[in-house]
Amino acid sequence: AQTGTSTSIVFAGSGLENLSSAHCNNPGVTFRKSEGENFVVDVAADTLPGLYDVQTISSNGVSSIRTFCVSRRQHLVEEEELAESPSPQSALIDSVISGRIAKGDLDSYRFKAVRGERVIIECWAHRIDSSLRAIMELCDADGKRLAVNRGFFGVDPVITFAIPADGDYIVKLHDLVYSG
């Protein structure tokens with residue numbers, strides 16, 4: 001989540017029946033129950049960027065710790081209905097995108113870039129306790145693949161690329177075996 005904002009999140013996994021609350025080890029990150037496994041997370045403006053521990057409480061007790069990332073960068077949440085669409089979701093350079101890769105899912109994001117810019121695109125999955133084995137591709141506006149990566153920080157992909165021409169570029173992300 002982005003500092004100074006509120007955003008909706010969903011806790012997913014086994015043993016989360018009757019989820020009642022969530023707690024973070026940073027007092028600047030608080031959770032309010034919405035419905036089902038949905039919560040609103042509020043991140044105070046003075047919260048330092050970083051990785052924090054979050055646990056949930058359900059009828060099964062306290063969950064194991066999971067990693068929650070706080071950033072100052074603009075935060076975009078994947079629009080799941082667009083993930084099913086052939087049109088990539090618009091994104092900005094120097095932003096963070098939170099999403100979920102379902103079975104058979106391919107997420108794509110379009111951004112504008114200027115010739116000579118160097119872009120660094122990272123997927124944080126393994127580093128935040130996700131089981132996702134991501135494959136990430138960078139394509140031009142016509143769909144021509146310019147770069148691909150499936151592991152740089154362990155199994156988390158990173159693409160570093162010098163933009164060859166002004167225009168739109170597309171990042172595609174999917175699971176190695178499309179299992180979600």
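Predicted model: local features only at pLDDT ≥ 70, side-chain atom pairs only at ≥ 80, totals over all residues.
**Ground rules.** Local features here need pLDDT of at least 70, side-chain atom pairs count only at pLDDT 80 or more, and totals for chains, interfaces and linings use all residues. Residues are numbered from 1 along each chain as its sequence is written, and side-chain values use heavy atoms, with hydrogens and water left out.

**Entry 1: the sheet.** I began with the strands (DSSP runs of E, at least two residues, numbered from the N terminus). I counted two strands as paired if DSSP finds at least two bridges between them. In what order do the five strands of the open sheet lie? I read β9-β11-β16-β13-β14, with mixed pairing. At the edges I found β9 (89-90) and β14 (145-149), each pairing on one side only. A reminder to myself: strands of a sheet pair through backbone hydrogen bonds, either parallel or antiparallel.

**Entry 2: walking across it.** From β9 to β11 the pairing is parallel, over two bridges, and S90 has R110 in β11 as its bridge partner. Next, β11 and β16 run antiparallel over eight bridges; here I looked up S108, whose partner in β16 is K172. Then β16 (residues 167-175) meets β13 (residues 134-140), again antiparallel, over seven bridges. D140 is bridged to Y169 of β16.

**Entry 3: the core.** I then searched for nonpolar cores, meaning sets of buried Ala, Val, Leu, Ile, Met, Phe, Trp, Tyr and Cys residues joined through side-chain atoms within 4.5 Å. Buried means under 20% relative accessible area, with a 1.4 Å probe and protein chains only. The largest core has 18 residues, and F111, I121, C123, M136, L138 and F161 have the most contacts inside it. Two or more residues each come from β11 (106-113), β12 (118-122), β13, β15 (158-162) and β16. Apart from this core I noted another, of 16 residues, including A1, L16, F39 and Y52.

**Entry 4: L138 up close.** What does L138 touch, leaving aside neighbours within four places in sequence? Taking contact as heavy atoms within 4.5 Å, I listed several residues, among them F111, I121, F161 and Y169.

**Entry 5: cysteines.** A disulfide is a covalent bond between the sulfur atoms of two cysteines. I looked for pairs of cysteine sulfur atoms within 2.5 Å and counted zero disulfides. For C24, the nearest cysteine sulfur is that of C69, 11 Å away. Is C24 buried or exposed? C24 counts as buried because its relative accessibility is 17%. C123 is also in no disulfide, with the sulfur of C69 nearest at 12 Å. At 8% relative accessibility, C123 counts as buried.

Note on methods:
Helix = DSSP H or I, 4+ residues; strand = E, 2+ residues; numbered from the N terminus. Buried < 20%, exposed > 50% of the residue type's maximum accessible area, 1.4 Å probe, protein only.
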